[in-house]
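I am opening a notebook on a structure that is new to me.

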Amino acid sequence: MSIQVKKSGQLRRAPENFLDAPLRQAISEHGLNDERRGFLRKSFAAATAALASGVAMARPGSVPEGDGDPLILNLQDHAKTLGNPVVMQGYGQPSRFEANLQRRQSPGLTRVPQASVSFAPLQGFFGIITPSGLHFERHHQGWIDIDPAQHRFMINGLVREAKVYTMDDLMRLPSVSRMHFIECGANSATEWGNVAVPTVQYTHGMLSCCEFTGVPLSVLLDDCGIDRKKAKFVLAEGGDGSAMTRTIDIARAMDDVIVAYGMNGEMLRPENGYPLRLVVPGVQGVSWVKWLRRIEVGDQPWATKDEAIHYIDLQPSGLHRQYTSVQECKSVITTPSGGQMLLEKGFHNITGLAWSGRGKIKRVDVSADGGRSWRTARLEGPVLGKCLTRFNIDWNWDGAPAILQSRAIDETGYVQPKIAQLREVRGTKSIYHNNAIQSWKINEDGEVSNVQVA
């Protein structure tokens, strides 16, 4: 249903880096417990208030009083001089005016930065593709930059002939390019118990979506002569210091898994697995093994450390969910979202992202009253399987308090749950696989904050 636009409201973006040095040190020393979470939220609120009450900000589209806006009436200096020469930068960089849009590390999450996370700034993205330089990071022992001429990839186990491939070998084989999202299993982990972090970058920023290029794993397994009768699983092993290893069932391995060397039209970035990584569409990011060096074919799961004691879910009954792989249907509103502020009443475009590890997004509903009523959003193309989908919906803000939510439904009929529904099954002690509906509260003054609505 379309909505009549009477007035276009203005929105102030979230401060991109609200954590000052003393706060970072305090959180690093004491950890992110409940007290520190409260301190974090108060500090963020203070930073937001300072921005709002400090220097008067020019609003996009505003026109100064008088005869008109001199920035459009007068010819500016840049229009009267020569610009920079071509190939001034051999590799193009963003504008200096976009320097605030960066991956950010949340302090206190891990003891050392080599085993930590950087969050993608979802609030600043358009469409569905994540720029390579802003793809989120999750490392277990730091990222490495491997000489591709020295890198080798091996397939062994239940195959007719074990083989070792060079990068040249792999890049000569028939390739595919597909767009897929990747989400860390711990995305939104901080929100299991209560509100902990203020912006969508920190609540949902362990999420990215790129075009990946490489050789289908099925092609390589066939090349080695996989034993189709005995093979039930494969083990993927990385070449970094953590020796990351993950079990993948053979049906998935022979379906859409890619041994990838390309991302967004160029070679992988070192922090994303250069020169070779596994792409396992729809499955939690830990299975997308970076710096891939080996695939072993076997007849049973390996139960490695990152499958037996990590990336598992403790249930209220005391049992663990193990080998939880598929990332269930999920969505989040990225604008307006926490840390932003609506400066005027009137029309606003609500936009966000939806995804499902089981296939395509079928529908996204949006609520402005905390889930009491819903309207169906527009899905912007392309809508692809196991890929981010952008949604938009028109909204007129009348200045009253509101709670924005999005609820995604995938092609299997799965409906994204409320946090209370998820806690009924999973409790509040989980770390991984939180796909609950996210709520953003808008106050009368237009400030947007993170809240939880049962």
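**Entry 1: a residue and its contacts**

I began with Glu 137, which, leaving aside its neighbours within four places in sequence, is in contact with Arg 103, Ser 116, Val 117, Ser 118, Trp 143 and Glu 271, where contact means heavy atoms within 4.5 Å. I noted that the model is a predicted one, in which local features need pLDDT of at least 70 and side-chain atom pairs count only at pLDDT 80 or more, while totals for chains, interfaces and linings use all residues. Residues are numbered from 1 along each chain as its sequence is written, and side-chain values use heavy atoms, with hydrogens and water left out.

I then placed Glu 137 in strand β3 (residues 137–138), helices (H or I, at least four residues) and strands (E, at least two) being DSSP runs numbered from the N terminus. At 15% relative accessibility Glu 137 counts as buried, since buried means under 20% relative accessible area, exposed over 50% and partly exposed in between, with a 1.4 Å probe and protein chains only. I also looked up Ala 115, which is 22 residues from Glu 137 along the chain, and found their C-alpha atoms separated by 10.0 Å.

**Entry 2: the chain as a whole**

Stepping back, I found nine helices and 25 strands in the chain. Of its 454 residues, 50% count as buried, and among contacts between residues at least 6 apart in sequence, 72% join residues at least 24 apart.

**Entry 3: a mixed sheet**

In which order do the strands of the five-stranded open sheet stand? I read the order as β5-β4-β13-β8-β9, with mixed pairing, where two strands pair if DSSP finds at least two bridges between them. The edge strands are β5 (163–166) and β9 (245–249), each of which pairs on one side only.

Within this sheet I followed β8 (residues 233–238) and β13 (residues 292–298), which pair in the antiparallel sense over six bridges, and I saw that Val 234 stands opposite Val 297 in β13.

**Entry 4: an antiparallel sheet**

A further open sheet has four strands in the order β16-β18-β22-β21, and its pairing is antiparallel. At its edges stand β16 (330–335) and β21 (378–380), each with a single partner strand, so one side of each is left without a neighbour in the sheet. Strand β18 (residues 346–355) runs antiparallel to strand β22 (residues 389–397), and nine bridges join them; across this pair, Ile 350 stands opposite Ile 393 in β22.

**Entry 5: the core**

Which residues touch the most other members of the largest nonpolar core? Of its 85 residues, they are Phe 153, Ile 155, Leu 278, Leu 292 and Ile 295, a nonpolar core being a set of buried Ala, Val, Leu, Ile, Met, Phe, Trp, Tyr and Cys residues joined through side-chain atoms within 4.5 Å. Domain 2 (106–321) and domain 3 (330–451) both give residues to this core, so it lies between them; the domain bounds come from an automatic or database domain assignment. Not counting residues up to four places away in sequence, the residues that Ile 155 touches include Leu 220, Leu 221, Cys 224 and Ile 295.

**Entry 6: cysteines**

Taking a disulfide as a pair of cysteine sulfur atoms within 2.5 Å, I counted zero disulfides. Cys 210 is in no disulfide, and the nearest cysteine sulfur, that of Cys 209, is 6.6 Å away. Cys 210 is buried, with a relative accessible area of 0%, and Cys 184 is buried as well, at 5%.

**Entry 7**

Strand β19 (residues 361–367) is mostly covered, with five of its seven residues buried. Six bridges join β19 to the antiparallel strand β23 (residues 402–410), where the bridge partner of Val 366 is Ser 406. Two bridges join β19 to strand β20 (residues 375–376), also antiparallel, and there Asp 365 stands opposite Thr 376.

Is Ile 437 buried or exposed? At 11% relative accessibility Ile 437 counts as buried, although its place is in the loop between α9 (419–426) and β24 (439–442). Ile 437 touches, among others, Trp 374, Gln 405 and Ser 406, and Gln 405 is 32 residues from Ile 437 in sequence and 6.7 Å away in space, C-alpha to C-alpha.
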